[in-house]
Amino acid sequence: MHLDELRRASLPDLARHIQGVTSKDAFRISEVCDVLLKKAVLARVSDVHIEPTVRGSRVRYRIDGVFQDAAYLPVELHEQLVSRVKVLADLLSHRREIVQEGRISLEAGEGRTDLRVSVVPTVGGEKVVARIFSTEASLFRLEQIGYDPAMQRRIRNIIFDLEGLFLLTGPSGSGKTTTLYALLNEVAQELDAYASIITIEDPVEFEFGLWSQMQVNRQVGLDFAAGLKAALRQDPEVIMVGEIRDVETAEVALRAGLTGHLVLSTLHSGSAPETVTRLVNMDLEPFVVASALTGTIAQRLVRRLCGGCKEQIDFDPSKLDLIRRLYRGGDAEALSFYRGKGCEACQFTGFAGRLPLAEFLDVDEEVRGLVLEKARTSTIRRHLVERGWHTLLDDGLAKAAQGLTTFEEVLRNVSLREAM
């Protein structure tokens with residue numbers, strides 16, 4: 001199939017084009033692989049999964065966080081399809097018992113797109129996951145991320161001070177790295193004459209060429225902590241650390257924030273208040289955490305309703321009472337409810353793209369006092385909510401009320417226990 005045909009083809013069309021391939025057509029496997037990968041790029045897919053099942057070789061696309069079947073191939077072709085992907089990724093096609101990682105550079109649509117390939121052996125055969133990266137689609141300005149204008153202003157006030165530790169938290173695939181790059185881009189655009197930027201990443205997913213990027217290499221002792229210590233000797237104003245995983249990295253990051261550097265990083269925790277207590281629970285001195293931490297954002301990604309087929313609907317009565325109890329943004333009785341009907345532009349899913357739900361904690365004097373007292377997460381959250389702080393759930397319900405997403409999407413992605 002040519003690129004124009006691929007761009008127009010729906011996933012059922014793609015499956016019909018491929019399903020005729022049998023073991024007798026093994027020579028066509030390179031064409032099948034090419035079609036599957038290029039369609040993934042054109043269809044805004046984030047990950048391609050190729051896995052052996054009892055039905056055959058199953059190919060699934062993750063689009064906006066949700067899986068859709070792209071094709072099934074005969075089981076006897078699975079090994080050949082995996083071997084073809086390995087060849088493209090410059091991996092060892094004859095080794096089927098080891099874990100391998102590589103990259104594919106693919107031309108589809110406008111420019112070239114990189115795919116990061118992971119191959120692992122399973123009892124049924126090898127499983128392949130290819131994550132798709134587009135540099136042009138990954139470097140945003142802050143206003144393009146999806147935060148509300150007031151939150152953007154507060155974030156800029158913090159990062160433009162060029163000091164302190166600023167953290168993002170959320171599960172894997174919640175857009176943390178994309179947001180970090182947007183914050184770095186904001187500083188690079190606005191304060192280029194004053195700020196030297198360096199990052200320590202594992203792996204370096206996007207090479208922008210706009211600032212210095214270090215790749216973690218544990219084989220030579222270059223982990224996040226060692227990279228951060230080395231970066232501090234490079235006269236930086238801004239340092240991005242891919243992830244804080246241990247006490248040593250956290251301590252160095254906090255000390256750097258105290259000594260006039262802006263440190264941006266991620267930390268695994270459930271919410272913004274939990275991020276604060278997590279640092280204290282890592283046996284870090286509360287006064288250091290209180291002094292260095294300037295802010296933290298917890299976020300989740302939800303699917304955005306397709307603008308071309310969005311329509312107003314009557315909401316499920318069984319869920320209506322729950323929404324009314326949770327909604328704190330005004331008159332719950334006047335809420336409007338929407339869904340995506342499905343059209344060609346959104347592959348008949350009703351959704352096109354994703355947007356973040358976020359809660360932003362600005363560490364002020366009152367929060368610092370709670371940190372010094374080693375307050376529990378629930379105490380900090382209750383203090384913030386009493387002052388009118390907006391939780392992840394509040395942000396999600398507000399965006400659903402605006403017709404940007406659905407209430408079902410919000411409730412699927414935000415834990416009520418965590419958000420209330």
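**Notes on cavity, pocket and helix packing**

1. The lining of the largest cavity divides into three nonpolar, no polar and three charged residues (Ala, Val, Leu, Ile, Met, Phe, Trp, Tyr, Cys and Pro count as nonpolar, Asp, Glu, Lys and Arg as charged, the others, Gly among them, as polar). Those lining residues are Tyr147, Asp148, Met151, Ala358, Asp395 and Lys399. The largest cavity holds about 30 Å³ of space, and the count of cavities of 30 Å³ or more comes to one.

2. A word on what you are looking at: this is a predicted model, in which local features need pLDDT of at least 70 and side-chain atom pairs count only at pLDDT 80 or more, while totals for chains, interfaces and linings use all residues. Residues are numbered from 1 along each chain as its sequence is written, and side-chain values use heavy atoms, with hydrogens and water left out.

3. On a 1 Å grid over the protein atoms alone, a cavity is a set of points where a 1.4 Å probe fits but cannot get out, a pocket is an open set with protein on both sides within 12 Å along at least five of seven lines, and lining residues have an atom within 4 Å of a point. Grid points are joined across faces, edges and corners, and a volume is the space filled by probe spheres set on the points.

4. S15 gives the most, with five residues. By class, the lining of the second largest pocket has eight nonpolar, two polar and seven charged residues.

5. H5 also packs against helix H6 (residues 176-190): their axes come within 11 Å and cross at roughly 65° (axes are lines fitted to C-alpha atoms over the stretch in contact, and angles run from 0 to 180 degrees between N-to-C directions). H5 is therefore roughly perpendicular to H6 (65 to 115 degrees; under 35 counts as roughly parallel, over 145 as roughly antiparallel, and the rest as oblique). H5 passes H6 in a right-handed crossing (the near helix is turned clockwise from the far one by less than a right angle; anticlockwise is left-handed). Ile155, Arg156 and Ile159 in H5 meet Leu183, Glu186 and Val187 in H6 (contact means heavy atoms within 4.5 Å). This contact has four nonpolar, no polar and two charged residues.

6. Helix H13 (residues 377-386) packs with helix H12 (residues 365-372) at an angle of about 160°, their axes 11 Å apart. The two are therefore roughly antiparallel to each other, and H12 passes H13 in a right-handed crossing. From H12, Glu366, Val367 and Leu370 meet Thr379, Ile380, His383 and Leu384 in H13. The residues of this contact divide into four nonpolar, two polar and one charged.

7. H13 also packs with helix H9 (residues 272-281), at an angle of about 140° with the axes 9 Å apart. H9 and H13 are therefore oblique to each other, and H9 passes H13 in a right-handed crossing. Pro273, Glu274, Val276 and Thr277 of H9 make the contact with Thr377, Ile380, Arg381 and Leu384 of H13. By class, there are four nonpolar, two polar and two charged residues here.

8. Two backbone spots deserve a mention. Most residues other than glycine have a negative phi, and most peptide bonds are trans. Asp90, in the loop between helix H4 (78-88) and strand S4 (100-107), has a positive phi of about 60° although it is not a glycine. The peptide bond from Asp202 to Pro203 is cis, with omega near -5°; Pro203 is found in the loop between strand S8 (197-201) and strand S9 (212-215).

Terms used
Helix = DSSP H or I, 4+ residues; strand = E, 2+ residues; numbered from the N terminus.
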